[in-house]
Amino acid sequence: MSDARSVADIFVDANSGLLMALYGVFFPEFLDRYNSGDGVRLLSAVRDTQTYADHANVHRIDALPAVAAVHYIPRSSSFLIEDHVEERLIAGLSDKRREVREIILQNLVSATLPNLETKKRTLYSEAVIDQAYNMGRSAMDEVGPSLTVPLFTLEFLLNISQLAILQNDRTKSTLALDRIRDLCSVDSRYQFVLRLVRDVHNEKFSLIQGDFYSLPPQSSELLMSWKSSFYSYARDYAGIFGVNRVALCKQLSEVASGRQNETEQNSQSQAAIALPKVIDFIDKFDIRSLIQSANTSRILDAWGSELTTFITDDLSALIGKKRALLEAVGLSEITRKELAFSSLAPFAQYVPKQRLVEASRQYRKEQSGAAGAGALAAAGIYASPASTFVGNASEATVSALFKIMTGKTEEEAELDDNQAAERVADILSDRESRIDAGSYGGVEEEQEAHGNLDLPEDLE
């Protein structure tokens, strides 16, 4: 979608599957058509028309100019970014509403996931890093029984620290590390949760020799795809965020029902709209099973017995009422086709060109909002020649290539067919980039090692 009104129409109505993909790559056609200053101005103008003032998801429109700034800044040379673009992002990070904060932070996390694209892009300024920290820090004082804003802030800072190291930017890596330390030192009963996320991330996911795939995606994407997290520690890491998502559900339920006082950050009317969406997410992505299967005992202990009681006694009842709760605020459930998006996470790992253009168009055509993985594939989500090829190759070809490239079978690597195909596509895409750059010297060595191969029919 290349016009601001169409971007707003899709963004405001998207259910969780498409929304997380948009957080990962935004609207590539729109980003290509307009420079950063014009794009942010156009989306600000759409917001200012008040067209969506009565929409249940109006907070998304309020966040949209800042979200666009999130995706524009890394694509531009720092001296070409107009001042108002960064100002719009910092203003968005100053918004008091929980959902606006969460939207902008999740986009920042996705935009800073270290990969072959982001390692070459402009880093956010020290002012943006500090404002994100300040928002997460202030949320610790407002937190109640939910840590979503501080946790998204911590994810962003962890990504920035890794990305700055990749770019040899000592100033920003040091700043990010200092802010991580400060955030995890806040005196709070929930301090343990933040420290556990930091420690598990640093122990299990830090970059090792440029291995981007050791790093977790934005936590909402991780929760969507947790069943494919074949390493137990990845599941345990996801479990921390799963417990927090249920804690958010508990908080929203209490505010919406009047059992907990509303705040400027989380009003009763906002909670009534957010609650059924969170319930649907927990139900559709089976977060209860994640909490049961992951090592979450210490996290549950940190939250206290009230949350455990809520999970065992109250959550099922809320799930049973979710359809009525959604209908009451004019929203619909996540569809089966949208659930297919979970297999494509992390969305930010893919080359951005034309990724969601056709999917967005199809999304608008289908009243049920059933865009799904097929539309993404048609739109070019596997955008590089290598990954397009892998998407069309047979299982036999993928298995043969996986063995050649990794020295292991899929069984030895404990990967299913889809995961093996993704790894092959990633390796081939990396080689394409290095060959194009003139920095890949392994072709002759591989020929000597493997000789002439008997290739499956779809490679001949």
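The following is a conversation about how some terms are applied to this predicted model.

Visitor: Why is the pair formed by F26 and F27 called edge-to-face?

Guide: Six aromatic pairs are counted by the rule that ring centres must lie within 6.5 Å. In the pair of F26 and F27 the centres are 5.1 Å apart and the planes stand at 85 degrees; because planes over 60 degrees apart count as edge-to-face, that is the term this pair receives.

Visitor: What makes the pair of F30 and Y34 tilted?

Guide: The ring centres of F30 and Y34 are 5.0 Å apart, and their planes meet at 55 degrees. Stacked pairs need planes under 30 degrees apart and edge-to-face pairs need over 60, so with its 55 degrees this pair is tilted. Both F30 and Y34 are buried.

Visitor: How do you know whether F26 is buried or exposed?

Guide: The relative accessibility of F26 is 0%, and because buried means under 20%, F26 counts as buried. F27 is buried too. F26 lies in the loop between α2 (16–25) and α3 (28–33), and its phi is near 60 degrees, a positive value in a residue other than glycine.

Visitor: Which term, buried or exposed, applies to Q50, and why?

Guide: Q50 has a relative accessible area of 53%, and since exposed means over 50%, Q50 is exposed. Q50 is placed in the loop between α4 and α5 (58–72), and although Q50 is not a glycine, its phi is positive, at about 65 degrees.

Visitor: Why is R195 described as partly exposed?

Guide: The relative accessible area of R195 is 34%, which falls between the 20% limit for buried and the 50% limit for exposed, so R195 is partly exposed. R195 belongs to helix α11 (residues 191–205), and, leaving aside neighbours within four places in sequence, R195 is in contact with C184 and S185. R195 and L154 are 41 residues apart in sequence, with a C-alpha to C-alpha distance of 9.7 Å.

Visitor: How do you know that the charged end of R179 sits over the ring of Y133?

Guide: The charged end of R179 is 5.3 Å from the centre of the Y133 ring, and the distance limit for a charge over a ring is 6 Å. R245 likewise lies over the face of F281, at 4.9 Å from the ring centre.

Methods: Residues are numbered from 1 along each chain as its sequence is written. This is a predicted model: local features need pLDDT of at least 70, side-chain atom pairs count only at pLDDT 80 or more; totals for chains, interfaces and linings use all residues. Side-chain values use heavy atoms; hydrogens and water are left out. Buried means under 20% relative accessible area, exposed over 50%, partly exposed in between (1.4 Å probe, protein chains only). A charge sits over a ring if NZ of Lys or CZ of Arg is within 6 Å of the ring centre and within 35 degrees of the ring normal. Helices (H or I, at least four residues) and strands (E, at least two) are DSSP runs, numbered from the N terminus. Contact means heavy atoms within 4.5 Å.
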